[in-house]
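Consider the following model, and follow its residues and helices in turn.

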Amino acid sequence: MSHSALNALEATGKTCPSLAPASALRRIYHVETGPSRASGTRQGLWVAVFVYLLFAISDLILIPDVAQTAIFARFVVGAASLAILEVLFLAKAGARTVEATSAAAIVAGYLFWLLPAMETEAVTSIRLYMIFGTIFMMGANLFFIFPFILSVITSVVVLAILLISMVAMFSNEPIYMMTFGLFYVSCFIFTSYVNWKLNEERYNVFLNALEAAHQHREAEKRGIALERLSNTDYLTGMENRRAVDKRLRDYWNDWQTEGKAFAAILVDVDFFKKYNDFYGHQAGDRCLILVANILSETLKPLNASVGRYGGEEFIVLSRVTGRDQVMALGEIIRSAVEGLHLVHDQRRDGQAFVTVSVGASYTRPQSGPKLERIINEADRALYSAKANGRNCIRLFNPNDPLTSDDNENIAATLRMAIKNDLVHLVYQPIQNLKTGRVEAVESLMRMKMIDGTPLSPAQFIPVAERTGAILDLGLWAIRRACTEVLATGVAPMASVNVSAIQLKSRGFALAVSTILEETGVSGSQLAFEITEGIDMEGQSDVIRCITDLQALGIRIWLDDFGTGFAGLSWLRLFPFDTVKIDRSFLQDARRPAGRAMLEDIIRLIRNRGLKILIEGLETADHVELMHELGIELGQGYYLGRPVPIDEVRIKAFPRLASVSGR
């Protein structure tokens, strides 16, 4: 089915074939099938002429006295028909013209053979020979793919020629005339009926193909829309982290294969949390949108791409030739945002407007073989920019202590964290929003320095992953959750976050199996939360590990879905038990656009047959919204904050039935 048929359908004002007018569908059918009908008619006429000329042998046998004239007539009609046909094809005539010409050739072939044949003295032979006239009628109705009306007209003319010839030759034989006449009329009726059914069947096949093509196009559109959704930041409309990561890999491959240098520039809105807390989330969203717009407008003429990398952080990728160009681009970014003059009087650094800190790195011979290094360098440069007063640009410098590979204090603390009880778990309830009962708890790791200074997971988890300390910490967290919560029956299920480093580690599944056996906990009581940030494409070792974990009965949950990393690829590649929708989608869920976005994501997950858990429920309105959307599982401060094990009691967690009024 060609696209022109669908375009013609859309031109009628209807995109669905079942809604289009019948007359319009007929026109589309004739236009679309025209080339194939013309080609089929051409082939058919060549075969018909060949068979027509073969019947010259029958002329020699049955009507030898007029055979020479009859055969001459055959060759004249056959040659003339084919010549006219080929001229029409050279002139690119339409299907209707080709079909009409072939129909005329059928009539001419019958008439110009019959005229000399009627002069024969072999009356007995011609009386029987005339039965072959039905071949012309069957040819018009069954052999060719003529439209029904043209087939009927052709058959009627053949029938009329026969009846006239019989009257002329056998008027004194009424029995013969009646017998042959009835035979021809029956043949006309039957073959015409079959032709009508065949034409209707061809038309119905066309309609089915048109409907299938329409559905395929609609599916493609939905696929494109979902792909665009998966690559677009829901708030700013620019590329999200998933799209940026793909573009970054393309840049990196060009650097590796063709030596095309590029810069990765991280842009962070200064004191955004203070801005968000003081002016409100809507003003915070508006601030990010304005920053995103000015970055896009400023960088587009420079052939640089920009995307949202998470929270208040943006990333810029650009082809560069050296250090000076990177610094100049960073200054363009910094001054463009400063030029917005967005009021931010909650700062404590003497400035009253929104600004950004810029950290950059660019490809050099010392960049190393791994793509992650350039982002890590840009991140450390950004840290240096913040440490140097913000609203400035810093280019990665390996000799700058603020951009050292790891924070030595945190790294050193991690090495002794388990032995010195510097880490512990807190547990946050996951409630069934219909029954109000706690169905599980999420295990969250907390850590402090030796002097008691608390560290956020955002501080120590990246260092733990870079140094490999996450392997021991991860197994410790799993064992602690099994011991404190599951083995004691405090909660029916516990979830633990696992990282890509753990999933890639050899023997991880075996170590988990050992923990389950030693603690006497069933695998079905444990769930592992895997962040959407892990790139699953090509990660066969990760997939194999997850499969082994599932074999132990462990539930696999997809965490942070919708933040724009690789969630759609995950859903396509692996059967999860539960999908956790990121809290960010609740921010504007009461607005039509925000709610529509959330409903689209929920519908997508439900179509995969997966459970849905929405995190970040912080108000009664959030809970009410979950009831409206039919969500069963929820998690958030409104339902229960993360607390240490000595405070974890099922009865201590608030029941949703009592707080929602349901």
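In this predicted model, Ser357 counts as buried because its relative accessibility is 0%, and buried means under 20%. The residue belongs to strand S4, which covers residues 356-362. Its side chain makes a polar contact with the side chain of Asp270, at 2.5 Å. Asp270 is also one of the residues in contact with Ser357 once neighbours within four places in sequence are left aside. Others in that set include Leu266, Val267 and Asp268, along with Leu382, Ala385 and Lys386. Arg390, Asn391 and Cys392 are in contact with Ser357 as well.

Glu484 sits in helix H17, residues 470-486. The side chain of Glu484 makes a polar contact with that of Tyr427, at 2.6 Å. Beyond four places in sequence, Glu484 is in contact with Tyr427, Val490 and Ile645.

Helix H22 can be treated as a whole. It has 16 residues, 592-607, and at 1.5 Å a residue these should span 22 Å; the end C-alpha atoms are 22 Å apart, which agrees. The buried residues of H22 are Gly594, Leu598, Ile601, Ile602, Leu604 and Ile605. Seen down the helix axis, these buried residues fall within an arc of 160°, so they line one face of H22. The face turned away from that buried side carries the exposed residues Pro592, Ala593 and Asn607. After H22 comes Gly609, with a positive phi near 75°.

Definitions and conventions. Residues are numbered from 1 along each chain as its sequence is written. This is a predicted model: local features need pLDDT of at least 70, side-chain atom pairs count only at pLDDT 80 or more; totals for chains, interfaces and linings use all residues. Side-chain values use heavy atoms; hydrogens and water are left out. Helices (H or I, at least four residues) and strands (E, at least two) are DSSP runs, numbered from the N terminus. Buried means under 20% relative accessible area, exposed over 50%, partly exposed in between (1.4 Å probe, protein chains only). A polar contact is a pair of N or O atoms within 3.5 Å; within protein, one must be able to donate a hydrogen and the other to accept it, and residues adjacent in sequence count only if both atoms are side-chain atoms. Contact means heavy atoms within 4.5 Å. The expected span of a helix is 1.5 Å times one less than its number of residues. The arc is that of the directions from the helix axis to the C-beta atoms.
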